[in-house]
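Please look over the sequence and the model below before reading on. The report is meant to be read beside them.

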Amino acid sequence: MRRKIATMVRSTMPTRAQMERNRFTGPLAARAELWRFNRRSVPRGVAIGLLVGIFAMIPGVQIAGAAAMCLPFRGNIPIAAGMTFLSNPATTPLFIAASLALGNWFGFHADVATFMALFERGASLGEWTGWLLSDAAPALVFGLLVIAVVAAVVGYVIAAFAWRWWTVHKRRTRLAQRL
């Protein structure tokens with residue numbers, strides 16, 4: 001199963017050479033350190049992807065934003081792009097409800113019941129915009145920021161430990177095979 005997924009990803013993803021020829025992705029593809037998987041770039045990519053993916057809940061903007069943030073922080077772009085998919089249509093209402101509750105807990109005012117009513121009845125874009133332009137926006141933005149930063153820090157730590165565990169595991173396996 002894992003090989004099938006890896007084969008599918010390899011066949012559908014553009015190569016670095018193809019990206020270098022594209023005028024939009026050329027500058028990103030030319031910097032090799034943004035595409036290497038090492039102990040520093042992978043945790044950075046995880047943290048950047050989680051931060052952008054949770055805070056900027058606009059599809060399309062998430063991947064571009066994560067790639068742009070990888071430039072100054074030298075994070076791994078494929079990992080960052082993949083981590084933005086944590087916020088998807090299934091998890092977005094949970095993140096929004098949690099951020100509203102967190103924003104209210106910190107003293108902002110947003111009516112969670114109004115959010116749930118809009119969500120359940122499938123409100124129009126105009127109704128959502130009106131709700132966001134009310135006093136709910138500061139609670140939402142603050143809550144999303146806190147959740148995104150905490151998720152990024154936790155993701156960084158987990159990725160760093162996972163990378164360390166994986167390299168030690170590979171080294172021990174190699175040494176055991178030699179003996």
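## Basis

This is a predicted model, in which local features need pLDDT of at least 70 and side-chain atom pairs count only at pLDDT 80 or more, while totals for chains, interfaces and linings use all residues. Residues are numbered from 1 along each chain as its sequence is written, and side-chain values use heavy atoms, with hydrogens and water left out.

## Helix α9

Helix α9 spans residues 125-178, 54 residues in total. Helices here are DSSP runs of H or I with at least four residues, strands are runs of E with at least two, and both are numbered from the N terminus. The end C-alpha atoms of α9 are only 63 Å apart, whereas a straight helix would reach 80 Å; the expected span is 1.5 Å times one less than the number of residues.

A kink of about 90° lies in α9 at Ala136, shortly before the proline Pro138. The bend at a residue is the angle between axes fitted to the seven residues ending there and the seven starting there.

## Annotated regions

The unreviewed UniProt entry gives the annotation "transmembrane region" to residues 46-73 and 139-166. Its positions follow the numbering used here, feature names are shortened, and annotations may be inferred rather than shown by experiment.

In the model, residues 46-73 are 82% helix and 0% strand, with end C-alpha atoms 12 Å apart. Residues 139-166 are 100% helix and 0% strand, and their end C-alpha atoms are 40 Å apart.

## Salt bridge

The structure holds one salt bridge, a term for a side-chain nitrogen of Lys or Arg within 4 Å of a carboxyl oxygen of Asp or Glu. Arg121 and Glu127 form it, with their closest N and O atoms 2.8 Å apart.

Arg121 counts as exposed because its relative accessibility is 52%, the cut-offs being under 20% relative accessible area for buried, over 50% for exposed and in between for partly exposed (1.4 Å probe, protein chains only). Glu127, at 35%, is partly exposed.

## Loop between α6 and α7

Ser87 lies in the loop between α6 (77-83) and α7 (92-105). With 8% relative accessibility, Ser87 counts as buried. Beyond its neighbours within four places in sequence, Ser87 is in contact (heavy atoms within 4.5 Å) with residues including Gly53, Met57 and Phe95.

Ala90 is also placed in the loop between α6 and α7, but at 59% relative accessibility Ala90 counts as exposed.
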